[in-house]
Amino acid sequence: MQNKKIKTMRWEWVVAAIFVVAAAALVALNHRPAAAQTTLPSEGIVCTTSTPGNPIFTLTTETGYIGTPDDNVVYMWGYSEIGKPFQHPSPVLCVNEGDNVTIILHNTLPVDVSIMFPGQDNVTADGEPVQPQYDAGGNLTSLTNVAPALANGGSVTYNFTASKPGTFLYQSGTDPAVQVRMGLFGMLVVRPAMGANFAYNRADSEFNPNAEFMVLFSEIDPMLNQEVERAMENNRPINFNMDNYHPRYWMLNGRGFPDTIAPNFASWLPSQPYGSLAVIEPYDAISNPLNALERFANAGASVVPMHPHAKNSLIIGRDGQPTEDINTDADMAWEKFSLPVGPGQTWDGVFHWQDVAGYDPNVNPIPVQIPSVQNAGFGSLYSGSPYLGDANGAIPVGTTSLTACGEYYLISHDHGLQRLTAWGTPMSGPITFMRVNPPPPNNCQ
Ligand SMILES: [Cu+2]
């Protein structure tokens, strides 16, 4: 009994903590400076693109640091577009089905590196079919052709035809236990011939192109990163016993909560450009009939059962394959409450949020029990009304601010709750939110 009570109290505290942190983060979000606004979207997937038909991406390995929610900084590696600084995770490469894709990898690190393209057929390296690499003694040294260490010349050119639409990873095939964990990974999106607003060549995979989101999982053992940094500084081999590998951080788009819900390119996260707040509007058969799309991928080593609250995901693809009958092409999509994204897997889920209760402050009033001041300690984002879009009702005594425009926030998080941490700082890690804006016209920014 005693144990049970402790557990219950913990959960109450956990929920409170989530909202305290979310409130603080959202206030920061609402006050983001105008200077931070660019033509790139502040929320949603950020594609790096090149010439349609024959896209060429020139990637250089870079080293840098990322910030974690416990105010730590962690040394990382990454692939960056040539001439651009280190970023984590590596750029989201978006191409079209049928494109002849060229990726030139320049290596600046003192170890051989490579890129693998899981799910892509007929990949070549410097014009030859890719193949595993072995040393003179017959020992496997890389799962694919490498860009040799800088001193030896340092580049390799990969090429493939993007023959299948879907969500994919690209990542180092060389010493991946170290190099992928150091950050040599990114997402690859192949858009179908049917059009950029479809996930696959199926009419039922159409989504709202303004509501496309990346959810990329990874993990960090900072002890490994520290050893790699020291080895680099002292020009010696990396000496880390992977039996001792123990992640302390689990990341979502390269950030830990609450940074996850900060905008893309947030100024205070200079090397972690990708947010994961999913901003949508309520489903409406006429004005907003299309689903939002989430592209999930897992570059970490443990299964992430992602749980979006208040919405199921309709799983329309996995590992770059539409969920359809292999013989008849019949739709085999299924609703999922929790999405167990395995290491190396990708999942495509579509969703919407439906106002099933018919919220309307005038014709469907719901009596609201205003929380007591004592319970409103973390309620500064409460509008005093349950109605989406009615942010201007009376606010509880003791609160100082309203939601920005009457929006709802609903949590999505890794249900491996032991991972909701930043090296012991609780309620961090792979947590993000869905923001449901009221239907237009609204005052949402
Ligand atoms: Cu949950």
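A residue counts as buried under 20% relative accessible area, as exposed over 50%, and as partly exposed in between (1.4 Å probe, protein chains only). The model shown is predicted: local features need pLDDT of at least 70, side-chain atom pairs count only at pLDDT 80 or more, and totals for chains, interfaces and linings use all residues. Residues are numbered from 1 along each chain as its sequence is written, and side-chain values use heavy atoms, with hydrogens and water left out.

**View 1. The protein chain as a whole.** The chain has three helices and 28 strands. Helices (H or I, at least four residues) and strands (E, at least two) are DSSP runs, numbered from the N terminus. Of the 445 residues, 49% are buried. A contact means heavy atoms within 4.5 Å. Among contacts with a separation of 6 or more, 70% join residues 24 or more positions apart.

**View 2. P91, a buried loop residue.** P91 sits in the loop between β3 (73–81) and β4 (92–96). P91 counts as buried because its relative accessible area is 0%. Beyond its neighbours within four places in sequence, P91 is in contact with T48, L59, Y79, S80, E81, Y170, G186, M187 and Y274. Take M187 from that list. P91 and M187 are 96 residues apart along the chain, yet their C-alpha atoms are separated by 7.2 Å.

**View 3. D348, a buried strand residue.** Strand β24 (residues 346–351) holds D348. The relative accessible area of D348 is 0%, so this residue is buried. D348 touches T167, Y200, L293, E294, R295, L314, I315, I316 and G317, leaving out residues up to four places away in sequence.

View 4. Four atoms coordinate the copper ion: H307 (ND1), H309 (NE2), H413 (NE2) and H415 (NE2), at 2.1 to 2.4 Å. Donors are N, O and S atoms within 2.8 Å of the metal (3.2 Å for Na, K and Ca); water is not among the atoms, so sites may look incomplete. The angles among the four donor atoms run from 78 to 165°, and the site is irregular. Four donors count as tetrahedral if all angles lie between 85 and 135 degrees; four count as square planar and six as octahedral if opposite donors are over 155 degrees apart and all others between 65 and 115; anything else is irregular. Along the sequence the donor residues follow the spacing H-x1-H-x103-H-x1-H. H309 is partly exposed, at 29% relative accessible area. H415 is partly exposed too, at 37%.

**View 5. The one cavity.** On a 1 Å grid over the protein atoms alone, a cavity is a set of points where a 1.4 Å probe fits but cannot get out, and a pocket is an open set with protein on both sides within 12 Å along at least five of seven lines; lining residues have an atom within 4 Å of a point. Grid points are joined across faces, edges and corners, and a volume is the space filled by probe spheres set on the points. The whole structure has one cavity of 30 Å³ or more. The largest cavity has a volume of about 50 Å³. F217, S218, E219, W250, M251, N298, G300, A301, S302, V304, D414 and P430 form its lining. Strands β15 (207–220) and β16 (249–252) are the elements that give two or more residues each. β15 gives the most, with three. By type, the lining has six nonpolar, four polar and two charged residues. Ala, Val, Leu, Ile, Met, Phe, Trp, Tyr, Cys and Pro count as nonpolar, Asp, Glu, Lys and Arg as charged, and the others, Gly among them, as polar.

**View 6. The second largest pocket.** This pocket holds about 470 Å³ of space. Its lining has 30 residues, and N210, A211, F213, V279 and I280 lie nearest the centre. β15 supplies the largest share of the lining, six residues. The lining residues divide into 15 nonpolar, 10 polar and five charged.

**View 7. Two cis peptide bonds.** The bond from F257 to P258 is cis, with omega near 10°. P258 lies in the loop between β16 and β17. The bond from P440 to P441 is also cis, with omega near 0°.
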